[in-house]
Amino acid sequence: MATIGQSTKPTGNNDALTRARQRAALVPDLLVDALRIVNTVMAGWHGRKKRGIGETFWQYRPYTQGETMARIDWRRSARDDQTYVRDQEWEAAHTIWLWVDRSSSMLFKSSAASVSKESRAMVVTFALAELFARAGERVGYPGLLKPSANRKGAERLATAFATQASDIPDTPSFTQVQRFSDVVLVSDFLGDTNETLAMIDSLAGQGARMHLIEIVDPAEEDFPYGGRTEFVDPETGTRLTAGRAEDWREAYCNLYQARRHALQMRCRAHGGSYTISRTDHLASETLVRLHGFMTGNPVATTKMAGTY
């Protein structure tokens with residue numbers, strides 16, 4: 001009889017502390033992986049630029065009648081018969097809140113995946129912290145880090161995880177999220193769907209945009225099981241035995257996709273996005289997709305260099 005999943009009974013304080021220390025020990029390796037991915041995708045990652053007050057040059061454009069002549073770039077204009085204005089880049093930083101699920105279900109890893117869901121989620125979160133920070137955005141983590149424009153976003157977040165692992169809240173609190181902020185949640189979203197939908201609505205009511213990144217093991221999506229199979233709930237240790245697991249496949253997949261569809265539609269209804277990250281695919285694909293959603297330029301997933 002095949003057994004799927006990891007049996008995890010409700011943990012006491014000592015078990016929770018042990019797991020927190022184990023996570024902290026993995027942080028340096030995950031940070032290295034994240035920075036390697038960042039270097040792969042950074043060339044195509046740009047901040048949301050627009051014209052405004054700042055010191056960084058953005059573009060030359062033709063002079064429009066009525067504008068102050070002090071903005072004319074006479075050196076550029078002297079090259080041809082057109083009069084040009086020199087625009088600067090608007091440098092008001094945007095606030096991005098990141099949160100990663102650390103529940104027991106994230107420990108799952110099937111034989112079809114090279115990493116656990118938790119490892120993938122942490123790498124994606126560190127990579128996003130670095131990419132947003134390099135783009136000049138303020139990055140924060142609820143209950144752990146206040147938003148900051150520190151350029152070393154991944155290192156800052158990884159240090160906080162490594163040194164404050166036992167103090168990180170298990171559930172996110174977004175009371176500090178302000179209007180026009182973006183909130184990125186990284187999870188498998190296998191908990192109570194109604195609670196997640198309510199959280200999306202609540203954040204939308206605060207004027208923030210939600211971006212959900214679903215971390216999924218290929219076995220969870222494809223349900224490749226057959227024959228007598230025992231399934232174990234990693235959160236409670238509850239066991240469920242199927243005499244012929246293949247008979248459950250259609251019903252399971254329908255329920256799985258219905259949950260995902262409900263979350264996708266609610267995010268999009270509020271101007272947010274929903275990105276799927278399978279642990280047998282490259283993490284860089286997830287970052288490219290999310291960037292496309294957040295900049296208003298959705299793109300198809302592109303095969304990129306790298307193996308993570």
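1. A charge is taken to sit over a ring if NZ of Lys or CZ of Arg is within 6 Å of the ring centre and within 35 degrees of the ring normal. In this predicted model, Arg 76 meets that description, lying over the face of Tyr 84 at 4.2 Å from the ring centre. A further case is Arg 259, whose charged end is placed over the ring of Tyr 256, 4.5 Å from its centre.

2. Tyr 256 also belongs to an aromatic cluster, formed together with Phe 223, Tyr 225, Phe 231, Trp 248 and Tyr 252. In total, the structure contains nine aromatic pairs.

3. Among these pairs is that of Tyr 141 and Phe 161: the ring centres are 5.3 Å apart and the planes stand at 80°, so the arrangement is edge-to-face. Because Tyr 141 belongs to strand β5 (residues 138-141) and Phe 161 to helix α4 (residues 153-163), the pair ties together parts that are 20 residues apart in sequence. Both Tyr 141 and Phe 161 are buried.

4. Phe 223 and Tyr 225 likewise make an edge-to-face pair, because their planes meet at 85° with the ring centres 5.2 Å apart. Phe 223 has 5% relative accessibility and therefore counts as buried. Tyr 225, at 13% relative accessibility, also counts as buried; the cut-off for this class is under 20%.

5. The sheet is open and has six strands, in the order β6-β5-β4-β7-β8-β11, with mixed pairing. Its edges are formed by β6 (145-148) and β11 (273-278), each of which pairs on one side only. From one strand to the next, the twist averages 20°.

6. Within this sheet, strand β4 (residues 95-100) and strand β7 (residues 182-187) pair in the parallel sense, over five bridges. One point of this pairing is Trp 97, whose bridge partner in β7 is Val 183.

7. Helix α7 (residues 249-269) lies across β8 (209-216) and β11, and runs at about 140° to β11. Helix α8 (residues 283-294) lies across β4, β7, β8 and β11, and its direction is at about 175° to β11.

8. Helix α3 (residues 117-134) has 18 residues, which at 1.5 Å a residue should span 26 Å; the end C-alpha atoms are 26 Å apart, so the model agrees with expectation. Of those 18 residues, 17 are buried, so α3 is largely enclosed by the rest of the structure. Just after α3, Gly 136 adopts a positive phi of about 90°.

Conventions:
Residues numbered from 1 in each chain as written. Predicted model: local features only at pLDDT ≥ 70, side-chain atom pairs only at ≥ 80, totals over all residues. Heavy atoms only, no water. Phe/Tyr/Trp six-rings, centres within 6.5 Å; stacked < 30°, edge-to-face > 60°. Helix = DSSP H or I, 4+ residues; strand = E, 2+ residues; numbered from the N terminus. Buried < 20%, exposed > 50% of the residue type's maximum accessible area, 1.4 Å probe, protein only. Expected span 1.5 Å × (residues − 1). Pairing = 2+ DSSP bridges. Axes fitted to C-alpha atoms, helices over the stretch in contact; angles between N-to-C directions. Contact = heavy atoms within 4.5 Å.
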